[in-house]
Amino acid sequence: MRTHTFEQFAAGSVLFLFSTCVWAQEGGSIAGVVRDGTGAVLPGVTVEVSSPALIERTRSVVSDGQGQYKVVELRAGTYSVTFTLAGFNSVKREGVQLSTGFTATINAVMEVGAVQETVTVTGASPVVDVQSTRTQQVLESSFLESLPYSKTFGAFNNMIPSVISTSSLSARDVGGTAGEPAIGSRVHGSDAGLTSIDGIKIVAMATANWRQLNANVLTTIETVVELGNGDAEAWTGGVNINVVSKDGGNTFSGTIQGDYIGEGWDASNLNDALRARGLSRTNKQAFLYDTGAGFGGPLVKNRLWFYGAPRFWGNKYYIAGNYYNKLAHTLFYEADLSRPAYFNRAQWGGDGRVIWQVAQEHKLIVQSNNGDECFCPIGPDTGGTTPEGGWNYHYSPQHLIRGTWTYTPTNRLLVEVGGAYRQDDVRATFSDGVLATDRSVIDQADGRTYGVSFAGAGWAAAFQTIPSRQKIARMAVNYVTGSHAFKTGFSTLTANQSLGGKGTNLDGMLNYPEQYVFRNRIPISLNQAATPNRQETRLKLALGIFAQDRWTVRRLTLNLGLRFDGVNAYSPAQVRPGGEYTPELSLPLEENIPNWKGLHPRVGASYDLFGTGRTAIKASLGQYEQSNNYGLTFARANAAFGSLVLITGRTWNDSLYPVGDPRNGNYVPDCDLHNKGANGECGALADQSFGSERRSTQYAADVKEGWGTSPNLWQTQLSLQHELAPNVGLTVGYFRTWYRNIYLTDNLAVTQGDYSPYCVTAPKDDRLPGGGGYQVCGLYDVSRERFGQVQNLVTFAPDRSQGYDGLDFLVNARFRGGASLYGGLSTGQTVTDNCATPDVPQQFCRQMLPWRGQTHLKLSGVYSLPWWGIQASATYQNLSGTARAATAVFTNAEIVSSLGRNLASCPNLTGACNATATVTIVEPNTMFEPRQNQLDARFSKIFRFGRGRLRGNFDVYNLTNSAPVLSMITRYGATWLSPNSILAGRLMKVGAQLDF
């Protein structure tokens, strides 16, 4: 593995050094106004900024007629600012801390005097950005390394109050136990955002907001978490994360670091309440490791710098309440309590970066990022899948090769041109121990899937390869006058992705094209899949053109932007191979799936309330593409292969034949599965389009093409930022997000008159609302004549809505002696209304995630203890409890009295039938687990020697050993509400970091 790692790293670096395309990202800015001793503005002042972070060492501009100046696109670091004008004393401001995306306001007052005299001014760095309206949090590596930080993206969910995970794949992290989350996070009701490395969007074509190339903390100087309200250059709203890489510098430096958790280093947090709910053991760590080394410096001082680092990290833990099958390779499941399920993630990364100051006006950066990650297996961590029922998912190989070239012909003009190439491959294989003869089974009694994965026959088919290639280009021009900072440019993305790699044995096949469905080991139905599967889609072009002007008029700064986005994808002509239920199909070229175009305004205003740079009132409004628009999800759904019905179900009565007949209870569906109608032991197919060339789902023309037709969202904010004291900032903000172009699916083969309503009675149970026993209505069953007829049309639903309203109260403080505090309170409410429909309304079509379900308190702090030079830090979270849900399986016999007939899936109108219906019996988001608490702590000792520094860390995660339930069985029955996963127990970690 390690040899392979360095070969990939070396190969990527060589390719990159020969790359002629380049890339850029937004930096920080220093801006302000220069006045004389009388308060009059001073035009023509030369403002020079200098920092070790700049390979060119200095940048300079001249104040305009209003005394305003701006220096943009600066690297994160510590700066000094010098103001000079003939006939005036020079003024120098030192120690200005600048982070990416932040505008530091540095004003100056110059007195008449000798030119050679310089007045040095000291003061705390600004904490309020009085010019930008973007909401963001910058997490410097020096701050993160002081905290009990797991060095994963999931850790940001623990630190930033308004940021939440989006799925179980971004589960709660305890010291790194959750590994690297695969999908982006959400904020203020947004969709999952995108991640960037030095401005390069890490887009996955399978699902655009999936993060399949992870950042290397050893090559990271800071991480910028954008929480919304981005300017015209931003692709999407939401949690956009940008990882800023180290450049190297004029001094050789390096880092060697390692963290470790061993088996038995965690405590059990099992308690009587959990035992009473059926949990007999808790998650247990097997091991966790994180090791690597980074090194960089000058190849030629002030001309050529480099930095690079390999890193290896991963973890394995045993999952509470989930076990291997003691009856492996049979059709039945029995928990093997001696073999708990485990989740294992193994990752490596290797990055290299070179920056070259070719001339004073020209700078070139070349970079290569490489990685590999395995979710081995995926599925068991969600609780409803046994280890055999999951599969191993490899993000491998992952390469990103890119560069940056900047050209500054004058002190007002900055030109950036860039490009990148990405290889983004995925492989899915059997879970360990699975045989080719194993069959997938799901038991509705507890919703458990076992035997082998049956992920379907489409894009998520279990055993396959998914190669993808991307090409990215960008150009931007900055023109800065002082009062104005104008920026315009464009970005392009082209890509392709296919399922089923040629020349491999991973071709979208399943062990068997059928999955059995039992209820307490009694067959009730089966699912059929049309395998194998091959498909290819291509992103012809995702084009973004933007223009943005930051215009400062005295104390008011207007951020005026407009962005054009165009997304065009297609499906090339291809052949889908034949299988058990589907003949070979020749599929034609399909273009413009989609062909979206839209103009998206981004406007905002920031007002320096008192003219001191310490208090700002901000407001902004912006429209953004949803992040997944930049992938190929929509194209796959609209292509011919995406609209084919590749999986469907039918009832199965294994007791149809009389006792003594060998077909009775033989666990073999004694029927012709190729016959779409009811025959033998099997009912009719739930979708009569299964396996045919006829598309069961099509999208309306105005959904696929046009101006302003893409799924998008609006975000607005009104906030107050105030500097309470030097280096202490407070932010209070109101945020609203609402979605546009929401879809609905209309089955044209049926009308509302084809459905019959019915009710069921919820079980009596003190844990249900009112003790249970209530009627659950709003349920419908299609007529027998229309059963299995599907002709879906996806169109716009103008009367459907989804919106979020919320408040944030945040503090960001740095005190004397190195103490710091960050965090606050975030709360909100989300309302989703999907009741408007041409067919029958969905059950619980209007749902609300209330304030109590989205109220989070998160605090992170660092403090130096007065004993032995020990530094203590902690991260605390108080979060809303997990929502409880309940679905119940009702038999035909329990429904027939209300419906007045058998369910349409039954073979006969009357008589015995083993068909079932799964019904939600508790309104979503009305029942919650108790609030969750998590306290993580770190104790560090720093040893210094010469230019070196050794930090030893002792971490204790979940210090109070709390045990909130994170996921549970939601199928009503004997195991309802039994925990699938709880927060990992108290966990100890040791680590060390050597900087030299």
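Reader: Are Cys374 and Cys376 buried or exposed?

Author: The model is predicted; local features need pLDDT of at least 70, side-chain atom pairs count only at pLDDT 80 or more, and totals for chains, interfaces and linings use all residues. Residues are numbered from 1 along each chain as its sequence is written, and side-chain values use heavy atoms, leaving out hydrogens and water. The classes are buried (under 20% relative accessible area), exposed (over 50%) and partly exposed (in between), with a 1.4 Å probe and protein chains only. By that scale, both Cys374 and Cys376 are buried.

Reader: How far apart are the sulfur atoms of Cys374 and Cys376?

Author: A disulfide is a pair of cysteine sulfur atoms within 2.5 Å. Cys374 and Cys376 form one, with their sulfur atoms separated by 1.6 Å.

Reader: Why is the disulfide of Cys759 and Cys777 given its handedness?

Author: These two cysteines are joined with an S to S distance of 2.0 Å. The torsion about their S-S bond is about 110°, so the disulfide is right-handed.

Reader: Which class does Cys845 fall in?

Author: Cys845 forms a disulfide with Cys835. Cys835 has 28% relative accessibility and therefore counts as partly exposed. Cys845 has 15%, so its class is buried.

Reader: How many residues has the largest nonpolar core?

Author: A nonpolar core is a set of buried Ala, Val, Leu, Ile, Met, Phe, Trp, Tyr and Cys residues joined through side-chain atoms within 4.5 Å. In the largest one, Val203, Met205, Leu493, Leu539 and Tyr630 have the most contacts inside the core, and its size is 51 residues.
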